[in-house]
Amino acid sequence: MSVFKKYESKAWPYSYKAKLRVKYLCGGVPFDEKAIEGWLKTKTTETDDLIRQEIIRIQIDRGISEAEATEEVSKLRGLKGFKRNPDGQLIIEGRQVKAAIKEAASVARAAGKLKDRWGQTNKGLLGFVAEHIQVREDRIPLGVKEPSGVLRELVHTSGPGGRRSAFSMTEYLDEAEIEFTVQSDWEFTEEEWAMIWLTGQLQGLGADRSQSRGRYIVEAWEKLK
């Protein structure tokens, strides 16, 4: 406990309890090679249609054998997912929620829904939000020990080495519930908070937001005394 605990309410006088319901919350933590290998042994086979199609494509494009194409495809697969608590429960980190708040505020400002300059120093909104809004929890438990499933997609990229394909496999939770505490030393109005959250709910939370995953609704927003 901090020796300055008695002054905490003065340093951060505005606290809110938030509850979000997230559709398709995706984990974004890359798993190591051994974890991927173990997952593949239990969750998929080389006869999956998506994998077979890519093996055939690489065979044709490079003029190599099926065995060589299969080995090449196996090198291109990756799995990302959620961190776990010591008890095995899936978590999302508070920093991810704060990042979502910052992104939402930035998008809202660009549309004129929030003013550009804040505080006694007239600071820009993005820097102001980063310094004056905090998510209390470092690790936010998600209430389950297993994801709802794994999204498997074929991703194509281009670079100096030419066209490459990779299998993107992402753990997800359907209808995840997240509860956390937001603290601030600036008294944002209810409308200003609404502009942040209503903008953010369509921007999303977690990984794969560009695919419209991680969209949420705010089920509770309670100011704490």
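Analyst: Residues 24 or more positions apart account for 76% of the contacts in the chain with a separation of 6 or more, a contact being heavy atoms within 4.5 Å. The model is predicted, so local features need pLDDT of at least 70 and side-chain atom pairs pLDDT 80 or more, while totals for chains, interfaces and linings use all residues. Residues are numbered from 1 along each chain as its sequence is written, and side-chain values use heavy atoms, without hydrogens and water.

User: What makes S5 and S10 the edge strands?

Analyst: Strands are DSSP runs of E with at least two residues, helices runs of H or I with at least four, both numbered from the N terminus. Two strands pair if DSSP finds at least two bridges between them. The open sheet has the order S5-S6-S10, with antiparallel pairing. Strand S5 (83-84) and strand S10 (139-141) each pair on one side only, and are thus its edge strands.

User: How do you know that S6 pairs with S10?

Analyst: Three bridges join strand S6 (residues 90-93) to S10, and at least two are required. Ile-92 has Ile-140 in S10 as its bridge partner.

User: Why is H5 called roughly perpendicular to H7?

Analyst: The axes of H5 and helix H7 (residues 190-203) cross at roughly 105° and come within 8 Å. Axes are lines fitted to C-alpha atoms, for helices over the stretch in contact, with angles from 0 to 180 degrees between N-to-C directions. Angles under 35 degrees count as roughly parallel, over 145 as roughly antiparallel, 65 to 115 as roughly perpendicular and the rest as oblique. H5 is therefore roughly perpendicular to H7.
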